[in-house]
Amino acid sequence: MTTSPCLPRDAKEIAEMLGDVANDFSGKTVLMAGGMGFLGRYFQGVFEYLNHNVLAEPCRLIIADNMITAGKAGISRPRAATLVDSGNFEFSQVDVSGGFEVEGPVDFVINLAGIASPYYYRAYPVETLDVAVNGTRHLLDLARDKGARFTFFSSSEIYGDPDAKHIPTPESYRGNVSCRGPRACYDESKRLGETLCYIYHDTYGTPTNTIRPFNVYGPGMQEADYRVLPNFASCIKGSRTLKVYGTGNQTRTFCYVTDAINGFLRVVARGVPGEAYNIGNPTPEISVFELVEEIEKVLGKSIDKEVIEYPDSYPADEPNRRCPDIVKARRQLDYNPQVTIADGLKRFFEWTDETYVGEE
């Protein structure tokens, strides 16, 4: 039985979404840096399902993670059980910012390593910058030596705060980002990580891709993640008033994790070398207040909420709008999100109701 947060229904759904793309991982070795975070642990469950049900030859998964923000889920070090039992799983607790070596062949290098929660990159600004820059360069060197495809997980925050004419935001938009301020350690280090990918592809011919995820959510997000949906779910579980930061009018689009992992794996396997891809759900673009209304519909009850100033532990200066243009991923990779906001929230809150404790 898997201890990955990836729900069996979700893993099966992702495999069906991938179709023949899944076969690109048959018999391959995947190195995943940052593989004990929310997305990494979900990947574990998907590869477990693929090995057991889809692939002609099993995929080998190598995980590297320094566990700095892994929390309770990381301390327990969940593993995808059949990967472990078959000998197709290896874990190293290591900071890739200082380099990382792997014996034998590697076909795919996936750099998920990073500190993505605003609460945590506010607490660890130097580490946030270090892993996105030095960690990425070390992993690019490894991919170059192994002849592997390389995928860098960047962020939608590299766009900063786009003006209205750049919403939805295409990959060609150059961004409106400050190099100073509470979010700069994250935003600017991700931009530099993307530059490194461009240089290694352009200079050395390393097949690199960049993924820019947009507000991915789902089972496996830790209660102490401090992002909007885990925050709300914890408050609801504990019967507390929701705290809405800022004005509540800032807008986002939310992408359920099955749609996200499907898109991520399509980029990893078949992304055009040298290209960056937005992966997310472009609709609906809703305010935080409207998000609360959607949650109320799903749960069938009214929820108390209050608007507060940003706490000192959470960086202000967040983008007013964030909405992806995914035309490029649709045309080049046949990427089509399928999960509605209502269905995704239903799945997420069913999971948090069973797993969160609701303590403040």
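Trainee: How much space lies in the second largest pocket?

Mentor: This is a predicted model, in which local features need pLDDT of at least 70 and side-chain atom pairs count only at pLDDT 80 or more, while totals for chains, interfaces and linings use all residues. Residues are numbered from 1 along each chain as its sequence is written, and side-chain values use heavy atoms, with hydrogens and water left out. A pocket is an open set of points, on a 1 Å grid over the protein atoms alone, where a 1.4 Å probe fits and protein lies on both sides within 12 Å along at least five of seven lines. Taking volume as the space filled by probe spheres set on points joined across faces, edges and corners, the second largest pocket holds about 280 Å³.

Trainee: Which element gives the largest share of the lining of the second largest pocket?

Mentor: The lining (residues with an atom within 4 Å of a point) comprises 16 residues, with E194 and Y198 among those nearest the centre. Among DSSP runs (helices H or I of at least four residues, strands E of at least two), α7 (184-204) and β6 (208-213) each supply at least two lining residues. The largest share, 6 residues, comes from α7.

Trainee: Is T169 buried or exposed?

Mentor: T169 sits in the loop between β5 (149-153) and α7, and its side chain reaches the backbone oxygen of H166 at 2.7 Å. Buried means under 20% relative accessible area, exposed over 50%, and partly exposed in between, with a 1.4 Å probe and protein chains only. Because its relative accessibility is 2%, T169 counts as buried.

Notes: Polar contact = N/O pair within 3.5 Å; in protein donor to acceptor, adjacent residues only side chain to side chain.
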